[in-house]
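Good morning, colleagues. Please keep the model in view as I speak.

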Amino acid sequence: QVQLVESGGGLVQPGGSLRLSCAASGSIFSIDAMGWYRQAPGKERELVATISSGGSTNYADSVKGRFTISRDNAKNTVYLQMNSLKPEDTAVYYCNADVRPHYSYSYYPYWGQGTQVTVSS
């Protein structure tokens, strides 16, 4: 079993900052790419940012220059630093990781349960 647990969401005013964390645990042999996605009410889930095992990053155009993704491989944890937040960033944020369990030679995508981020005055 592999679990991803997010933390760090909440209510913040426009222009503020939040830092999300997502820790993977369980029967993990290795983790490839990790990432953050979000889903706003009435909209489809969209990619926010991804980071490879080697540290290469990719961002949605809407968050470039404001959000920073990073990871701590020793802790199996991925972070999302969100600055200059806007009301349109309001969504449930989900972390994702491509994990190779101890009992398999393949990688599988795992998702966290989601954490709410609300940007409002």
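The protein chain has 11 strands and zero helices, where helices (H or I, at least four residues) and strands (E, at least two) are DSSP runs numbered from the N terminus. Read from that terminus, the order of elements is β-β-β-β-β-β-β-β-β-β-β. A word on provenance: this is a predicted model, in which local features need pLDDT of at least 70 and side-chain atom pairs count only at pLDDT 80 or more, while totals for chains, interfaces and linings use all residues. Residues are numbered from 1 along each chain as its sequence is written, and side-chain values use heavy atoms, with hydrogens and water left out.

Let me turn to overall dimensions. The C-alpha trace spans about 50 × 25 × 25 Å along its principal axes. The radius of gyration, taken over C-alpha atoms, is 14 Å, which agrees with the value near 14 Å for a compact globule of 121 residues; the globule rule is 2.2 Å times the number of residues to the power 0.38. Of the contacts with a separation of 6 or more, 55% join residues 24 or more positions apart, contact being defined as heavy atoms within 4.5 Å.

Next, the surface. The protein chain exposes about 6300 Å², and carbon and sulfur atoms supply 47% of that area; accessible areas come from the Shrake-Rupley method with a 1.4 Å probe, and for residues only the protein chains shown count as cover. Buried residues make up 43% of the 121 residues. Here buried means under 20% relative accessible area, exposed over 50%, and partly exposed in between, with a 1.4 Å probe and protein chains only. As to charge, the mean positions of the 10 positive and 9 negative charges are 4 Å apart. Lys and Arg count as positive and Asp and Glu as negative, with His and the chain ends not counted; each charge is placed at NZ of Lys, CZ of Arg, CG of Asp or CD of Glu.

I come now to the interior. In soluble globular proteins, nonpolar side chains tend to be buried together. A nonpolar core is a set of buried Ala, Val, Leu, Ile, Met, Phe, Trp, Tyr and Cys residues joined through side-chain atoms within 4.5 Å. Which members of the largest nonpolar core touch the most other members? They are Trp 36, Leu 80, Met 82 and Tyr 93, out of 32 residues in this core. The elements giving two or more residues to this core include β1 (2-7), β3 (18-26), β4 (28-39) and β8 (77-82). The greatest contribution, five residues, is that of β9.

Two residues illustrate the packing. Leu 18, in strand β3, is buried at a relative accessible area of 16%. Its C-alpha atom is separated by 8.2 Å from that of Leu 80, 62 residues away along the chain. With the same exclusion of residues up to four places away, the contacts of Met 82 include Leu 18, Leu 20, Phe 67, Tyr 93 and Val 117.

The loops also deserve attention. Val 63, in the loop between β6 (57-59) and β7, counts as buried at 0% relative accessibility. Not counting residues up to four places away in sequence, Val 63 touches Arg 38 and Val 48. Ser 104, in the loop between β9 and β10 (108-111), is likewise buried, at 11%. Arg 45 lies in the loop between β4 and β5 and is partly exposed, at 35%. Among the residues that Arg 45 touches, beyond four places in sequence, are Tyr 37, Tyr 94 and Trp 111.

Finally, a point of backbone geometry. Most residues other than glycine have a negative phi. Asn 76, however, has a positive phi near 50 degrees; Asn 76 lies in the loop between β7 and β8 and is partly exposed, at 25%. Ser 84 also has a positive phi, of about 50 degrees. This serine is found in the loop between β8 and β9 and is partly exposed, with a relative accessible area of 41%.
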